[in-house]
Structures are given as C-alpha cells and as structure tokens.
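Hi,

Here is the structure I promised to pass on.

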Amino acid sequence: MFDTPELAAFRAQVKQFVQQQLPTDLRATVRAGRQLSAAQYRAWHAILATQGWLVPHWPPRWGGQGWSVAQQMVFDEEMAAGDAPELNAITFNMIGPVLMRFGDAAQQEVFLPAIASGQQWWCQGYSEPGAGSDLAALTTKARQDGDHYVVNGSKIWTSGAQHADWIFCLARTDSSARPQDGISFLLIDMKSPGITVRPIVGIHGWSVFNEVFFDEVRVPVSMLVGQAHRGWPVAKSLLEFERLKLARVGENKRRMARACAAATSRHEAGVRVVDRPWFRRRYAELQTRLMALEANATHFVERGQAGETLGAEVSMLKLRGSRLIQLWEELIVDAIGLDALLLDPAALTLGPGNAQSGMADGDLTLTATASSRRFLARGYTIAGGSSEVQHNILAKQVLGL
Ligand SMILES: Cc1cc2nc3c(=O)[nH]c(=O)nc-3n(C[C@H](O)[C@H](O)[C@H](O)COP(=O)(O)OP(=O)(O)OC[C@H]3O[C@@H](n4cnc5c(N)ncnc54)[C@H](O)[C@@H]3O)c2cc1C
C-alpha cells in the first residue's frame, strides 16, 4: 500500500507501539507459531484497550477510533509484522458490530464497553452436529418460561468456548414455521448453570474448538437480540462481517514473511531454499495473489465504510484469503523439508526455548509447529462457510449462473 506522509507517521507509531508494548513471551510464542494461552490473550487485550486500540475500527461512541480503511490495514499489517497475535474476530468483528446494528440500548450499554475494554471474550454458537452449511436445520431449542428462555441442545466446532465469557447462540423458538423463520438470536452467559464445554483435539494437536451442551439453561428474555423468531437476518449479517474479516490480509503477510524466513535459513543440495527456482516461482505466484487480495479487500472495506450494504460478492474475500493462507503454510512446510514432519507435541504448548523442540528463542524456522499450522489452516476453507458453499453463492447470486 502507498503511504501518504500522514500514513507513514501512523505506521511508525504502530510499529513502535508493538515493539515496546508487546510482552516478550507473547512475541516469542507467536513467532514460534505456537498457540497462546487465554492469559496471554487477555494480557494483550488489556494493553491494546489501554491504548484505545482494541477495537479501533469501531466508532468513537463505543470506544473505537473511527480509523480510516487505510489506517486499519496499516494497523493489521504492523501487528502481524511485529509478531502480535491475531485478534479474536468473533468478539471484536462479529458480535460487537451486530450489537451496534441490532442490539437494544440496554444490550449496547452493557456489552459494548465490556468488549472494548478487553473484559469480555465471546464465542459463536451456530453450528450443530446436523447443521453446518445448512444452518437453518439447527435443532437447539429455546422455550419461553415467563421472563426467561430455557435452552436445550448442543453446538459443535465452537471456537474458543473453553475461554469465553459469553456465547451468542442461535436457537429454535418456533418449530412450526419455515426453518429460517423460527430461529432466535440469544446472548448467553457461559457461567449459566447447565452449560458443559467439551474441548475437541484436532489433528494438529491443539484444542481450538469445542462441543457446547445446553441442559435446561435459563436465559433472561432481555438477552434476545432483535425480535423473537426473527434471528435469521441477524445471524446472516454477522456472517457478512465475518467474511470481510476473513480475507486475512495481515495474516497472509505474516505467512509470507515466515515462508521467506524458513527458506532463507534452509539449504537444499547446498543452495539456500530461497534461491531455488521452485521456491521462487511459488513464492512469486503467492505474492501476486496476495497483492490482488489486498486490492480487493481495500475496495470492499471502503464500500462498507461508505455505508453500502455488501452483497454476496464479499464471499470472494473469504474464498481467496483462506485458500491463500493454506498455500503459504504448504510452502513453509515444503521449504523446511522433511524436518517439518517431525511433530513434537511438547513444542505446541510449551514456552519458547523449550529444550525438547531444539529451537532457539524466536527461531523463525518454525520447524516444530509447521505441520500443525498447516493442518490448522485446512480449517480456514471450512470455517465461516465452506469454499464449496462460497462458490455456490458467487455462481448464483453474483454471476447469475
Ligand atoms: C476452524 C473452524 C472453526 C469453526 N468455528 C466455529 C465457531 O466458532 N462457531 C460455529 O458455530 N461454527 C464453527 N465452525 C463450524 C463451521 O461453520 C462449519 O464447519 C461449516 O459451516 C460447515 O459445516 P459442517 O462442518 O457441518 O459441514 P457440512 O455442511 O456437512 O459440509 C460437508 C461438506 O459438504 C459440502 N457441502 C455442504 N453443502 C453443500 C452445497 N450446498 N453445495 C456444495 N457442497 C456442499 C461442504 O463444502 C463440505 O465439503 C468452525 C469450523 C472450523 C473448521
């Protein structure tokens, strides 16, 4: 991106902030490609909130900075370049904006300041064992009992539920209506009696998502967002915010830097991998795709900020951004070579300098976690609506096929 003098000054400010304020242990954890603990995330949220930068894309009325699109993109880039962790999109990019648009005054007053100050972590209770792409098939039920709903059912693939304070949840409140018309959007305190969270360990060795069970969970009616049985438009608008964020331009740049670092520190037949033709060709192709993604993302965010309702075409960003991350992770594994196959479970969770992993602090070769991160990236083309479904949306609603 071309920096104006003002933007260059802003970039320098963000760069300095990350250098000075990001705790050393967080930087080392992110740099080594490991998963952060909940305490590390919360510590970083608190630091960003003190600076007023936890939700800089929100309007000032709700604790944001009202930054321009260019500022947001510079911020994301510098955060990724400085080894800061990716922020929780579900909390800061989904439920926050949804409450601004659909929440009532009381919900906004209670939740938005809590999120903006880093005190609240949310998770998303949409998917169920029998309802993923076909979300309207969900069967978790909420029946009204006086001034409460009573929720029964289960959710699956709920990212971060083991750490979350609250969950926003789709539940069926009218079984007689058309599937989409009988769903309500509820805000539920994760400490409510009757909620059980069971972590799922993925092929990568990490527990990024969970099963969440609801057994007679009582939820005040005041926690209903929008109208009863009319949660579907609220749910869909949130997916629109999600897809915009899921272009993951900054995260793609983070992978590009890792690919370059891995290939620079490795040799193949006596030649640095970064100088091998196969690597250079793949790197250049991915870099070009990243430039195109960034141009498209800028365009969409500008339209959104100008007040336009983004249509189905926004699916393109999710499709491109998620696939590109996978290709970067594959390139990193190929650049590392056979060593990347050595999965060291201890290296996934222990801190930097872990003797078993054989890695020095901040080692950018990322050997011990490369395969895990590659498997983790497989989920990006499924989460938030699978690639096949995104292709269908683009074919039908944008191309009119
Ligand atoms: C990393 C990760 C994090 C996630 N986090 C959350 C979360 O926090 N909260 C949450 O609620 N959910 C979450 N999910 C779940 C995610 O939203 C669902 O996995 C997704 O909607 C797909 O649903 P499914 O897994 O039931 O697969 P299915 O819908 O059963 O799909 C199976 C396969 O069939 C294909 N398919 C389905 N329908 C069609 C169609 N009409 N045309 C062509 N192909 C089709 C799909 O593309 C896929 O390949 C997460 C998933 C992942 C991978």
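β4 and β5 (183-189) pair in the antiparallel sense, over seven bridges. Two strands pair here if DSSP finds at least two bridges between them. Helices (H or I, at least four residues) and strands (E, at least two) are DSSP runs, numbered from the N terminus.

Before I go on, two notes on the source. This is a predicted model, in which local features need pLDDT of at least 70 and side-chain atom pairs count only at pLDDT 80 or more, while totals for chains, interfaces and linings use all residues. Residues are numbered from 1 along each chain as its sequence is written.

Back to β4, which covers residues 166-172. Seven of its seven residues are buried. By buried I mean that 20 or more other C-beta atoms lie within 10 Å of a residue's own; with 12 or fewer it is exposed, in between it is partly exposed, and C-beta atoms are placed from the backbone. In a regular strand the side chains alternate between the two faces of the sheet. In β4, Trp166, Phe168, Leu170 and Arg172 point one way, Ile167, Cys169 and Ala171 point the other way, and all are buried.

β4 also pairs with β1, this time in the parallel sense and over four bridges. Gln124 stands opposite Phe168 of β4, and Gly125 stands opposite Cys169. β1 is covered on both faces too: Trp122 and Gln124 are buried on one side, and Cys123 and Gly125 on the other.

Which residues are closest to it? They are Tyr126, Gly132, Ser133, Gly379 and Ser386, out of 19 residues that surround the ligand. A residue counts as near a molecule if its C-beta atom, placed from the backbone, lies within 6 Å of it. The elements that give two or more residues to this shell are β1 (122-125) and α13 (387-398). By type, the shell divides into seven nonpolar residues, eleven polar and one charged. Domain 2 (122-230) and domain 3 (248-398) each give the shell at least three residues.

The domain assignment has one more entry, domain 1 (5-86); the bounds come from an automatic or database domain assignment. The centres of domain 1 and domain 3, taken over C-alpha atoms, are 20 Å apart.

Now two helices. The expected span of a helix is 1.5 Å times one less than its number of residues. The twelve residues of α13 should therefore span 16 Å, and its end C-alpha atoms are 15 Å apart, which agrees. Just after α13, Gly400 takes a positive phi of about 65 degrees. Helix α8 (residues 249-265) has 17 residues that should span 24 Å, and its end C-alpha atoms are 25 Å apart, which agrees as well. Buried residues of α8 include Glu251, Arg254, Arg255 and Arg258.

A few loop residues are worth a click:

- Asp83 lies in the loop between α4 (69-81) and α5 (89-102). Its phi is near 65 degrees, a positive value in a residue other than glycine. Asp83 is buried, with 20 other C-beta atoms within 10 Å.
- His229 is in the loop between β8 (224-225) and α7 (232-245). Phi of His229 is also positive, near 65 degrees. His229 counts as partly exposed because it has 16 C-beta neighbours inside 10 Å.
- Arg178 is in the loop between β4 and β5. Arg178 is exposed, with 9 other C-beta atoms within 10 Å. The C-alpha atoms of Arg178 and Ala136 are separated by 9.2 Å, although the two are 42 residues apart along the chain.

Finally, the chain as a whole. Its secondary structure comes to 13 helices and ten strands, and buried residues make up 38% of its 401 residues. The C-alpha atoms fill a box of roughly 75 × 50 × 45 Å along the principal axes. A compact globule with 401 residues would have a radius of gyration near 21 Å, and the chain has 22 Å, which agrees. That radius is taken over C-alpha atoms, and the globule rule is 2.2 Å times the number of residues to the power 0.38.

Cheers

Key: Ala, Val, Leu, Ile, Met, Phe, Trp, Tyr, Cys and Pro count as nonpolar, Asp, Glu, Lys and Arg as charged, and the others, Gly among them, as polar.
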